[in-house]
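Me: I'd like to go through this one residue by residue, then look at how the pieces pack. Let's have it on screen before we start.

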Amino acid sequence: MATAIYPGSFDPPTEGHRNIIERGLRIFDRLIVAVAVNPLKKTIFTPAERIALLKEMLGGQKNLEFDTFQDRLLVDYARSKQARVILRGLRTVQDYEYEFQMTLANQRLAPEIETIFLMTESEFSHLSSSLIKEIVGLGGSGKGLVPPIVEGKLKEKLKVR
Ligand code: ADP
(Lines give C-alpha, C1' and ligand atoms only; values in the text may rest on other atoms or scores of the structure.)
Protein backbone atom coordinates (compact mmCIF):
# COMPACT_ATOMS: atom_id res chain seq x y z
CA MET A 1 0.00 0.00 0.00
CA ALA A 2 1.50 3.33 -1.08
CA THR A 3 1.09 6.01 1.57
CA ALA A 4 2.04 9.62 0.85
CA ILE A 5 2.35 12.59 3.18
CA TYR A 6 1.34 16.00 1.85
CA PRO A 7 2.94 18.46 4.28
CA GLY A 8 2.42 22.19 4.36
CA SER A 9 1.35 25.25 6.29
CA PHE A 10 -2.16 25.43 4.77
CA ASP A 11 -2.67 28.89 6.32
CA PRO A 12 -5.30 28.85 4.90
CA PRO A 13 -5.94 25.89 2.56
CA THR A 14 -6.71 27.03 -0.99
CA GLU A 15 -8.14 25.57 -4.20
CA GLY A 16 -4.52 25.00 -5.25
CA HIS A 17 -4.02 22.70 -2.25
CA ARG A 18 -7.33 20.96 -2.95
CA ASN A 19 -6.24 20.30 -6.53
CA ILE A 20 -2.99 18.65 -5.39
CA ILE A 21 -4.84 16.56 -2.79
CA GLU A 22 -7.48 15.34 -5.25
CA ARG A 23 -4.84 14.40 -7.81
CA GLY A 24 -2.71 12.77 -5.11
CA LEU A 25 -5.67 10.61 -4.11
CA ARG A 26 -5.81 9.22 -7.65
CA ILE A 27 -2.19 8.10 -7.38
CA PHE A 28 -1.72 6.90 -3.78
CA ASP A 29 -3.68 4.38 -1.72
CA ARG A 30 -3.55 6.58 1.36
CA LEU A 31 -2.84 10.29 1.62
CA ILE A 32 -2.11 12.10 4.87
CA VAL A 33 -2.39 15.88 4.76
CA ALA A 34 -0.02 17.00 7.50
CA VAL A 35 -0.21 20.53 8.87
CA ALA A 36 3.28 21.60 9.90
CA VAL A 37 3.18 23.38 13.24
CA ASN A 38 5.96 25.90 13.61
CA PRO A 39 5.55 28.18 16.64
CA LEU A 40 8.14 30.57 15.15
CA LYS A 41 6.10 31.10 11.99
CA LYS A 42 3.38 33.73 12.21
CA THR A 43 0.10 32.21 11.07
CA ILE A 44 -3.47 33.47 10.96
CA PHE A 45 -5.14 30.16 11.75
CA THR A 46 -4.27 27.77 14.56
CA PRO A 47 -3.33 24.23 13.52
CA ALA A 48 -6.75 22.98 14.74
CA GLU A 49 -8.52 25.63 12.64
CA ARG A 50 -6.49 24.70 9.56
CA ILE A 51 -7.38 21.02 10.02
CA ALA A 52 -11.05 21.95 10.48
CA LEU A 53 -11.02 23.95 7.22
CA LEU A 54 -9.29 21.13 5.34
CA LYS A 55 -11.92 18.70 6.65
CA GLU A 56 -14.74 21.01 5.56
CA MET A 57 -13.21 21.16 2.08
CA LEU A 58 -12.22 17.54 1.63
CA GLY A 59 -13.46 15.46 4.57
CA GLY A 60 -15.36 12.21 4.23
CA GLN A 61 -13.15 10.70 1.54
CA LYS A 62 -11.78 7.33 2.34
CA ASN A 63 -7.97 7.06 2.17
CA LEU A 64 -7.61 10.73 3.10
CA GLU A 65 -6.43 11.64 6.60
CA PHE A 66 -5.53 14.89 8.34
CA ASP A 67 -2.88 15.32 10.98
CA THR A 68 -0.37 17.78 12.44
CA PHE A 69 3.31 17.39 13.19
CA GLN A 70 5.67 19.48 15.27
CA ASP A 71 9.23 19.49 16.60
CA ARG A 72 10.41 16.64 14.43
CA LEU A 73 11.88 16.07 11.02
CA LEU A 74 9.35 15.57 8.26
CA VAL A 75 11.11 12.34 7.26
CA ASP A 76 10.83 10.98 10.80
CA TYR A 77 7.17 11.86 10.83
CA ALA A 78 6.76 10.11 7.44
CA ARG A 79 8.52 7.02 8.76
CA SER A 80 6.21 6.93 11.78
CA LYS A 81 3.27 6.77 9.35
CA GLN A 82 4.92 4.10 7.16
CA ALA A 83 4.91 6.58 4.28
CA ARG A 84 7.50 6.21 1.53
CA VAL A 85 6.46 9.33 -0.36
CA ILE A 86 6.38 13.05 0.38
CA LEU A 87 4.01 14.83 -1.99
CA ARG A 88 4.56 18.49 -2.88
CA GLY A 89 3.11 20.90 -5.41
CA LEU A 90 5.18 23.03 -7.76
CA ARG A 91 4.19 26.39 -9.17
CA THR A 92 7.09 28.63 -10.01
CA VAL A 93 10.85 28.69 -10.41
CA GLN A 94 11.04 30.07 -6.86
CA ASP A 95 9.17 26.99 -5.62
CA TYR A 96 11.62 24.84 -7.52
CA GLU A 97 14.71 26.29 -5.86
CA TYR A 98 13.31 25.85 -2.36
CA GLU A 99 11.89 22.41 -3.06
CA PHE A 100 15.14 21.25 -4.66
CA GLN A 101 17.08 22.13 -1.52
CA MET A 102 14.54 20.50 0.81
CA THR A 103 14.39 17.37 -1.32
CA LEU A 104 18.16 16.96 -1.33
CA ALA A 105 18.26 17.40 2.45
CA ASN A 106 15.48 14.85 2.92
CA GLN A 107 17.16 12.39 0.53
CA ARG A 108 20.25 12.55 2.66
CA LEU A 109 18.31 12.08 5.89
CA ALA A 110 16.05 9.32 4.56
CA PRO A 111 17.15 7.75 1.25
CA GLU A 112 14.19 5.35 1.29
CA ILE A 113 11.66 8.22 1.09
CA GLU A 114 10.96 9.79 -2.29
CA THR A 115 9.63 13.31 -2.80
CA ILE A 116 7.16 13.44 -5.68
CA PHE A 117 5.94 16.70 -7.24
CA LEU A 118 2.70 17.48 -8.96
CA MET A 119 2.81 20.48 -11.26
CA THR A 120 0.12 23.04 -10.51
CA GLU A 121 -2.76 23.42 -12.94
CA SER A 122 -2.53 26.73 -14.78
CA GLU A 123 -5.52 28.35 -13.08
CA PHE A 124 -3.78 27.93 -9.70
CA SER A 125 -0.25 28.78 -10.76
CA HIS A 126 -0.23 32.19 -9.08
CA LEU A 127 -2.28 31.17 -6.07
CA SER A 128 -0.70 31.01 -2.63
CA SER A 129 -1.96 31.26 0.93
CA SER A 130 -0.16 34.62 1.33
CA LEU A 131 -1.73 36.03 -1.82
CA ILE A 132 -5.24 35.06 -0.77
CA LYS A 133 -4.71 36.64 2.66
CA GLU A 134 -3.69 39.86 0.93
CA ILE A 135 -6.59 39.85 -1.53
CA VAL A 136 -9.30 39.11 1.05
CA GLY A 137 -7.65 41.40 3.62
CA LEU A 138 -7.94 44.28 1.16
CA GLY A 139 -11.56 43.57 0.39
CA GLY A 140 -11.15 41.54 -2.82
CA SER A 141 -13.04 38.40 -3.68
CA GLY A 142 -11.59 34.96 -3.02
CA LYS A 143 -14.06 33.30 -5.41
CA GLY A 144 -12.47 30.39 -7.24
CA LEU A 145 -9.31 30.69 -5.16
CA VAL A 146 -10.63 29.48 -1.81
CA PRO A 147 -13.99 27.89 -0.91
CA PRO A 148 -16.61 30.20 0.68
CA ILE A 149 -16.03 28.70 4.14
CA VAL A 150 -12.34 29.68 4.00
CA GLU A 151 -13.15 33.14 2.65
CA GLY A 152 -15.68 33.66 5.46
CA LYS A 153 -13.26 32.62 8.20
CA LEU A 154 -10.50 34.74 6.65
CA LYS A 155 -12.75 37.79 6.67
CA GLU A 156 -13.54 37.18 10.34
CA LYS A 157 -9.85 36.89 11.22
CA LEU A 158 -8.84 39.89 9.12
CA LYS A 159 -11.85 41.89 10.29
CA VAL A 160 -13.07 42.55 6.75
CA ARG A 161 -16.73 43.39 6.34
P1 ADP B 1 4.76 25.40 2.91
O2 ADP B 1 4.95 26.43 3.99
O3 ADP B 1 5.21 24.02 3.32
O4 ADP B 1 5.27 25.77 1.55
P5 ADP B 1 2.09 25.77 1.79
O6 ADP B 1 0.79 25.55 2.48
O7 ADP B 1 2.41 27.12 1.29
O8 ADP B 1 3.17 25.25 2.84
O9 ADP B 1 2.23 24.75 0.58
C10 ADP B 1 2.16 23.36 0.76
C11 ADP B 1 2.45 22.67 -0.55
O12 ADP B 1 1.41 22.95 -1.49
C13 ADP B 1 3.75 23.11 -1.23
O14 ADP B 1 4.31 22.00 -1.89
C15 ADP B 1 3.28 24.13 -2.24
O16 ADP B 1 4.16 24.23 -3.34
C17 ADP B 1 1.96 23.51 -2.66
N18 ADP B 1 1.04 24.52 -3.20
C19 ADP B 1 0.58 25.62 -2.59
N20 ADP B 1 -0.23 26.33 -3.40
C21 ADP B 1 -0.29 25.63 -4.59
C22 ADP B 1 -0.92 25.83 -5.84
N23 ADP B 1 -1.66 26.92 -6.07
N24 ADP B 1 -0.73 24.92 -6.81
C25 ADP B 1 0.05 23.85 -6.58
N26 ADP B 1 0.69 23.59 -5.43
C27 ADP B 1 0.53 24.47 -4.43
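Me: Where is the place of Ile113?
Reply: This is a predicted model: local features need pLDDT of at least 70, side-chain atom pairs count only at pLDDT 80 or more, and totals for chains, interfaces and linings use all residues. Residues are numbered from 1 along each chain as its sequence is written, and side-chain values use heavy atoms, with hydrogens and water left out. Helices (H or I, at least four residues) and strands (E, at least two) are DSSP runs numbered from the N terminus. On that basis, Ile113 sits in the loop between H4 and strand E5 (114-119).

Me: Does Ile113 count as buried or exposed?
Reply: Buried means under 20% relative accessible area and exposed over 50%, with partly exposed in between (1.4 Å probe, protein chains only). Ile113 touches Val75, Ala78, Arg79, Ala83, Arg84, Val85 and Ile86, leaving aside residues up to four places away in sequence; contact here means heavy atoms within 4.5 Å. Since its relative accessibility is 3%, Ile113 counts as buried.

Me: What about Asn106: which residues does it touch?
Reply: Asn106 belongs to helix H4 (residues 93-109). At 12% relative accessibility, it counts as buried. Not counting residues up to four places away in sequence, Asn106 touches Leu74, Val75 and Ile86.

Me: At roughly what angle do the axes of H5 and H6 cross?
Reply: Axes are lines fitted to C-alpha atoms, for helices over the stretch in contact, and angles run from 0 to 180 degrees between N-to-C directions. Ile132, Lys133, Val136 and Gly137 of H5 meet Glu151, Leu154, Lys155 and Leu158 of H6. The axes of H5 (residues 129-137) and H6 (residues 148-158) come within 10 Å, and they cross at roughly 65°.
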